[in-house]
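Work through the following exercises with the model open beside the text, and try each task before reading its solution.

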Amino acid sequence: MEFWQNIYSNFDPVAFNLGPVAVHWYGIMYALALISAIFVAKWFIKKDNLSISNDLFDSYIWWAEIGVILGARLGYILFYDSNTAYYLTHPWQIFNPYINGVYTGISGMSYHGAFIGFIIASYLFCRKNKISFWFITDIAVLGISAAYVFGRIGNFFNQELVGRITDVPWGIYVENTLRHPSQIYEAILEGLVVFAILVYLRKRKTFDGQLALMYGILYSFMRIVAEFFRQPDSQLGFLYSNWLTMGILQSAIVLGICVIIYFKMKKINS
């Protein structure tokens with residue numbers, strides 16, 4: 001347990017170097033997230049004999065991934081970054097991995113921004129190819145929920161999005177302060193648990209879009225729970241009292257929207 005509690009003192013977030021470029025475990029985990037999302041989605045397409053061609057789904061992957069990356073980065077800049085005005089007036093810097101000529105990589109991604117980007121990209125793709133938005137997003141959320149585990153482990157390895165101060169024996173020291181390993185909580189709650197529930201529901205759904213909407217509902221609920229163990233972003237702090245964070249606010253909005261759409265669609269398809 002002592003090694004675990006002091007893991008940040010014994011762990012290098014840089015996996016290896018390629019010349020002047022440092023390859024972080026964070027980046028490796030996000031690459032694994034993308035690969036696993038594709039693998040899981042295609043596995044269920046084949047297993048459940050879903051009527052979508054491999055070529056069409058491969059094209060969709062590109063659209064969705066671009067939407068996720070753009071949305072995640074722009075969402076962070078708009079909702080979390082303290083230099084929003086600078087980036088809005090210098091948009092070419094949004095994806096610049098260099099600071100003063102030194103390669104630092106691109107940091108700062110927002111899940112809810114990625115969520116919005118994913119929805120927009122999926123809608124545009126489905127409109128262009130004349131296929132059902134709800135049908136394809138039902139497939140996508142199976143892969144997304146599984147891949148989410150790697151994303152949060154990447155946050156853990158990168159020593160970011162740390163938890164609140166605690167005295168639980170499984171806490172980890174962050175700058176000599178014992179904190180909840182909230183990234184691991186999120187990987188389990190928002191990743192593994194949500195994925196398991198969606199896999200269980202996929203054969204029992206009664207209308208297209210049910211899995212996609214359940215993902216929005218389940219993820220939002222789990223994120224709200226996890227936020228009570230996660231330290232608010234330092235540049236934002238609590239938005240109200242000592243409990244409301246940006247993550248809770250955004251998740252509550254998504255939760256409410258998904259619940260409303262879910263029951264409306266369920267009524268229409270009943």
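**Exercise 1.** Determine whether Asn176 is buried or exposed, and state where Asn176 is placed.

*Solution.* Asn176 has a relative accessibility of 75% and therefore counts as exposed, given that buried means under 20% relative accessible area, exposed over 50% and partly exposed in between, with a 1.4 Å probe and protein chains only. Asn176 lies in the loop between strand 5 and strand 6 (177-179), where helices (H or I, at least four residues) and strands (E, at least two) are DSSP runs numbered from the N terminus. Its backbone has a positive phi of about 70 degrees, although Asn176 is not a glycine.

This is a predicted model, in which local features need pLDDT of at least 70 and side-chain atom pairs count only at pLDDT 80 or more, while totals for chains, interfaces and linings use all residues. Residues are numbered from 1 along each chain as its sequence is written, and side-chain values use heavy atoms, with hydrogens and water left out.

**Exercise 2.** Describe how helix 7 and helix 8 cross, and which residue classes make up their contact.

*Solution.* The two axes, lines fitted to C-alpha atoms over the stretch in contact, with angles from 0 to 180 degrees between N-to-C directions, come within 9 Å and cross at roughly 155 degrees. Helix 7 is therefore roughly antiparallel to helix 8, a term for angles over 145 degrees. Residues in contact, meaning heavy atoms within 4.5 Å, include Leu198 in helix 7 and Tyr215 in helix 8. By class, this contact has 14 nonpolar, no polar and 4 charged residues, where Ala, Val, Leu, Ile, Met, Phe, Trp, Tyr, Cys and Pro count as nonpolar, Asp, Glu, Lys and Arg as charged, and the others, Gly among them, as polar.

**Exercise 3.** Identify which residues touch the most other members of the largest nonpolar core, and which helix supplies its largest share.

*Solution.* A nonpolar core is a set of buried Ala, Val, Leu, Ile, Met, Phe, Trp, Tyr and Cys residues joined through side-chain atoms within 4.5 Å. In the largest one, of 24 residues, Leu198 and Tyr215 touch the most other members. Helix 8 gives the largest share, 9 residues. Not counting residues up to four places away in sequence, Tyr215 touches several residues, among them Tyr111, Phe115, Ile144 and Leu198.

Notes:
Angles under 35 degrees count as roughly parallel, over 145 as roughly antiparallel, 65 to 115 as roughly perpendicular and the rest as oblique.
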